[in-house]
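The sequence and the structure are shown first, and the description follows.

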Amino acid sequence: MKQEPAAQNSPPASPTSSQPLSEDDDAQALWIFGYGSLVWRPDFAYSDSRVGFVRGYSRRFWQGDTFHRGSDKMPGRVVTLLEDREGCTWGVAYQVQGEQVNEALKYLNVREAVLGGYDTKEVTFYPQDTPDQPLKALAYVATPQNPGYLGPAPEEAIATQILACRGFSGHNLEYLLRLADFMQLCGPQAQDEHLAAIVDAVGTMLPCFCPTEQALALV
Ligand SMILES: N[C@@H](CCC(=O)N[C@@H](CS)C(=O)NCC(=O)O)C(=O)O
């Protein structure tokens, strides 16, 4: 896998990273770990960000989504974290400080919890550049107890569902490909076999599913 220059590994520029912060902003500081749509569309103001990983979890397209990338009739599939002692999931941690903390939590509560069925969980995040200096971070995880949870399915079936679904945030295929693109930028040390198998299955099915120009119009 092509190693991108470090500069290209950085996630989207913070919309307000130059925002002056008061001296007590350190007192209120929080890291938020994103491993799905949050890696390319955080949509909240943050002060810093790091590419890195969490250990003990694997990412799985096992959460149904009837708002952002699907509908009630055709729920899409988005990712959650599965506890897995051998697992490692790459993503982006965003630091929010001062007023950013409440603003981010209020926004994510609606986007992730109310609309997405996710709960919050504390995880240990290892920055790619300083894995010996791990950070405590908040992650949004969809557990099997939430009503939208779909659970495991063959990667080919997940690919078929992703190809067929779209919601208010766009096509489910865009969600898959943007996440795959992020993982490509993380470099050869970042592997996600589940994600790669779904992307491969989509690539096999896409020509049969619709002609190229229609496929490009999906994303
Ligand atoms: N919690 C994960 C997954 C988040 C996620 O993908 N949530 C969906 C809610 S169902 C979302 O926000 N989708 C917005 C989009 O698809 O653009 C993360 O940290 O990235």
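The chain has a mean pLDDT of 87, and 82% of its residues reach 70 or more; pLDDT is the predictor's confidence in each residue, from 0 to 100. The model is a predicted one, in which local features need pLDDT of at least 70 and side-chain atom pairs count only at pLDDT 80 or more, while totals for chains, interfaces and linings use all residues. Residues are numbered from 1 along each chain as its sequence is written. For the complex, the predictor gives an ipTM of 0.96 and a pTM of 0.85.

The table lists them with their contacts, two residues being in contact if their C-beta atoms, placed from the backbone, lie within 7 Å.

| Segment | pLDDT | Contacts beyond four places in sequence |
|---|---|---|
| Residues 1–11 | under 50 | 18 contacts |
| Residues 13–23 | under 50 | twelve contacts |

The chain contains six helices and seven strands, where helices (H or I, at least four residues) and strands (E, at least two) are DSSP runs numbered from the N terminus. Their order along the sequence is α-β-β-β-α-β-β-α-β-β-α-α-α. Of the contacts between residues at least 6 apart in sequence, 77% join residues at least 24 apart.

Strand E5 (residues 135–141) pairs with strand E1 (residues 29–34) in the parallel sense over two bridges; strands pair if DSSP finds at least two bridges between them. In this pairing, Phe 33 stands opposite Ala 139 of E5. Strand E4 (residues 119–127) runs antiparallel to E5 and is joined to E5 by seven bridges. Val 123 has Ala 137 in E5 as its bridge partner.

Of the 219 residues, 38% count as buried, that is, with 20 or more other C-beta atoms, placed from the backbone, within 10 Å of their own. In helix H3 (residues 155–164), the buried residues are Ile 158, Ala 159, Gln 161 and Ile 162. Seen down the axis of H3, these residues fall within an arc of 165°, so they line one face of the helix; the arc is that of the directions from the helix axis to the C-beta atoms.

The ligand is surrounded by 18 residues, the closest being Gly 36, Ser 37, Leu 38, Gly 116 and Ser 169; a residue is near the ligand if its C-beta atom, placed from the backbone, lies within 6 Å of it. Strand E3 (76–97) and helix H2 (99–114) each supply at least two residues of this shell.

Terms used
A residue is buried if 20 or more other C-beta atoms lie within 10 Å of its own, exposed if 12 or fewer, and partly exposed in between; C-beta atoms are placed from the backbone.
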